[in-house]
Amino acid sequence: MRYYSFRELYPEYGDMELHETSESFVYVHTHDFWELFYITEGEVEHLINGHVVLLEKGDFVCVRPNDVHGYRCQEGKFYQMQCITVTDELFRKYLSLYSLDYDELYSGYETGIQYRLASKEFQEIVEEFKIVEHTRLLDEKQAKRHEAILLGECLKLFINRKELKSLPDWISKIVEAANSPEGMQMKVSDIYGYSCYGKTQCIKLFKQYMGVTPGEYFVDCKIRYARYLLINTDLSVLEICGRIGYDSLSHFDHVFRRKIGVTPLQYRNAVYGVE
């Protein structure tokens, strides 16, 4: 069985590497880094720690250092996956930023950490991966920024799964609404109609479960959707501003720059290589 180190496989990268693969067979191996991947097309058998797990489109897996795994695609079948490999050192750092316990994730999962992604989660991660790939050829600094965003989106999956069962119904409805195109027009004040609490208590409970205030959460959802529209549509920045519920283009520019580091137009131009 082959043992791989991150520095051996990816000597030209820092602490994170992204790639796509559809190899029909990968020999069982182990490595000293974390490997996060999700199936974007088809199905493949994941051989891990002596188990065989059938993975399909939308399945997300986190393979830990020293897990023994490989892939096998049946004859006549096809699959494609997007992979994120992260050094143990960087992964530990990000776990601490998200208040996740390293030892808890590292132990207790014989077949790795596996989730079935919701459609919105799948779309967000796939789009973020595409953005990294686009910007990597144009601006290495921006690519690093988006790599960090992508890793953060993956770690949020761990947080969401831990809290999903205890999430109150009214917060679940807010989250679903805020992540829909129609919900982009919602105001923060609209959330109070979802609960039987007053404003102060509602904000307190929302932050307790989601880690941010309703206002912060709404802004994150709007900017995420704006980025999707900037990359995947020909809508003008002004039209996108309206789509996410902002009345002022200057305010949209300000919020977008605060969150992403550049204006919406600069962001779109960087992705498509426009000077």
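**Figure 1. Helix 4 in a predicted model**. The 18 residues of helix 4 (residues 119-136) should span 26 Å at 1.5 Å a residue, and the end C-alpha atoms are 26 Å apart, which agrees. The expected span is 1.5 Å times one less than the number of residues. Helices (H or I, at least four residues) and strands (E, at least two) are DSSP runs numbered from the N terminus. Among the buried residues of helix 4 are Phe122, Ile125, Val126, Phe129, Ile131 and Val132; Glu121, Glu127, Glu128 and Arg136 are also buried. Buried means under 20% relative accessible area, exposed over 50%, and partly exposed in between (1.4 Å probe, protein chains only). This is a predicted model, in which local features need pLDDT of at least 70 and side-chain atom pairs count only at pLDDT 80 or more, while totals for chains, interfaces and linings use all residues. Residues are numbered from 1 along each chain as its sequence is written, and side-chain values use heavy atoms, with hydrogens and water left out.

**Figure 2. Strand 4 and its antiparallel partners, strand 8 among them**. Of the 16 residues of strand 4 (residues 33-48), 13 are buried, so the strand is largely enclosed by the rest of the structure. Two strands pair if DSSP finds at least two bridges between them. Strand 4 is joined to strand 8 (residues 79-87) by 9 bridges, with Gly42 partnered by Tyr79. Strand 6 (residues 59-63) pairs with strand 4 over 4 antiparallel bridges, and here Phe37 stands opposite Val61. Another 4 bridges, also antiparallel, join strand 4 to strand 7 (residues 69-72); Leu47 faces Gly70 there, standing opposite in strand 7.

**Figure 3. The hairpin of strand 4 and strand 5**. His46 stands opposite Val53 of strand 5. The hairpin has 2 residues between its strands, and Asn49 takes a positive phi near 50°.

**Figure 4. Aromatic pairs, including Phe25 and Tyr27**. Rings of Phe, Tyr and Trp (its six-membered ring) pair if their centres lie within 6.5 Å; planes under 30 degrees apart count as stacked, over 60 as edge-to-face and the rest as tilted. By this rule there are 18 aromatic pairs. The ring centres of Phe25 and Tyr27 are 5.0 Å apart with planes at 90°, so this pair is edge-to-face. Phe25 is partly exposed, at 39% relative accessible area, whereas Tyr27 counts as exposed at 68%. Elsewhere, ring pairs link Phe6, Tyr10, Tyr13 and Phe33 into a cluster.

**Figure 5. Charges over the rings of Tyr102 and Tyr246.** A charge sits over a ring if NZ of Lys or CZ of Arg is within 6 Å of the ring centre and within 35 degrees of the ring normal. Arg92 lies over the face of Tyr102, 3.6 Å from the ring centre. The charged end of Lys222 is 5.5 Å from the centre of the Tyr246 ring and sits over that ring.

**Figure 6. The largest cavity**. A cavity is a set of points on a 1 Å grid over the protein atoms alone where a 1.4 Å probe fits but cannot get out, and lining residues have an atom within 4 Å of a point. Points are joined across faces, edges and corners, and volume is the space filled by probe spheres set on them. The count is 1 cavity of 30 Å³ or more. The largest cavity holds about 40 Å³ of space. Its lining is Glu43, Val44, Glu45, Leu54, Arg72, Cys73, Gln74 and Lys77, and strand 4 gives the most, with 3 residues.

Technical notes. 1 Å grid on protein atoms, 1.4 Å probe; cavity = no way out; pocket = protein on both sides within 12 Å on 5 of 7 lines; lining within 4 Å.
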